[in-house]
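Here is a protein model to go through by question and answer. Take a look at the fold before reading on.

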Amino acid sequence: MKLSDIKEILPKLDNVEFQLENGTFVPEHFHVTEVGMITKNFIDCGGVIRSEKVVNFQLWNADDFEHRLKPNKLLNIIKLSEDKLGIEDFDIEVEYQSDTIGKYDLEFNGKTFILKNKTTACLAQDACGIPSEELNKNLAQLNVNSTNTCTPESGCC
């Protein structure tokens, strides 16, 4: 979900609700403690220089159980961030702490914002020496040789 998407959705809502992909709701007394833009400059394992930008929302739970963030208040925080920080229309990444700080993509199901689990991936699969078609093989489909024919020169390890 891009920043422009959430700005279109918020005025149509009575309440702001976030739910984890497993069905657990973020407690309704959550705070949005940060809205910002994160730029990540890095080199992948294939030596390609990359840059990624995301709009970042940080959700946080406090002990003020009566607190409720209304859609208009979140919209005002977003507008202030755009004005003061020059935030652009990038995908939103949400930080939320459960066991550790998790990073989530954001979707909307018509009523609730869904925190979608993010996964890691190799961005240079061709440079890793693993053909892409082999990445999706089921382990049960692999040929197993009962004798150990692996040698240092064979490329098997």
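The questions below go from fold to core to pocket.

Q: What pattern does the protein follow along the sequence?
A: This is a predicted model, where local features need pLDDT of at least 70, side-chain atom pairs count only at pLDDT 80 or more, and totals for chains, interfaces and linings use all residues. Residues are numbered from 1 along each chain as its sequence is written, and side-chain values use heavy atoms, without hydrogens and water. Helices (H or I, at least four residues) and strands (E, at least two) are DSSP runs, numbered from the N terminus. There are three helices and six strands, and read along the sequence they give α-β-β-β-α-β-β-β-α.

Q: Which residues touch the most other members of the largest nonpolar core?
A: A nonpolar core is a set of buried Ala, Val, Leu, Ile, Met, Phe, Trp, Tyr and Cys residues joined through side-chain atoms within 4.5 Å. The largest one holds 28 residues, and those touching the most other members are Ile 6, Phe 113 and Leu 115.

Q: Which residues is Ile 6 in contact with, leaving aside neighbours within four places in sequence?
A: Contact means heavy atoms within 4.5 Å. With those neighbours set aside, the partners of Ile 6 are Met 1, Phe 57, Ile 78, Ile 92, Leu 106 and Phe 113.

Q: Is Phe 30 buried or exposed?
A: Phe 30 sits in strand β2. Not counting residues up to four places away in sequence, Phe 30 touches Val 16, Phe 18, Leu 59, Trp 60, Asn 61, His 67 and Leu 69. Its relative accessible area is 1%, so Phe 30 is buried.

Q: What volume does the largest pocket have?
A: On a 1 Å grid over the protein atoms alone, a pocket is an open set of points where a 1.4 Å probe fits, with protein on both sides within 12 Å along at least five of seven lines; lining residues have an atom within 4 Å of a point. Grid points are joined across faces, edges and corners, and a volume is the space filled by probe spheres set on the points. For the largest pocket this comes to about 620 Å³.

Q: Which residues lie nearest the centre of the largest pocket?
A: β5 gives the largest share of the lining, four residues. The lining has 19 residues, and nearest the centre are Lys 40, Glu 52, Glu 93, Lys 118 and Thr 119.

Methods:
Buried means under 20% relative accessible area, exposed over 50%, partly exposed in between (1.4 Å probe, protein chains only).
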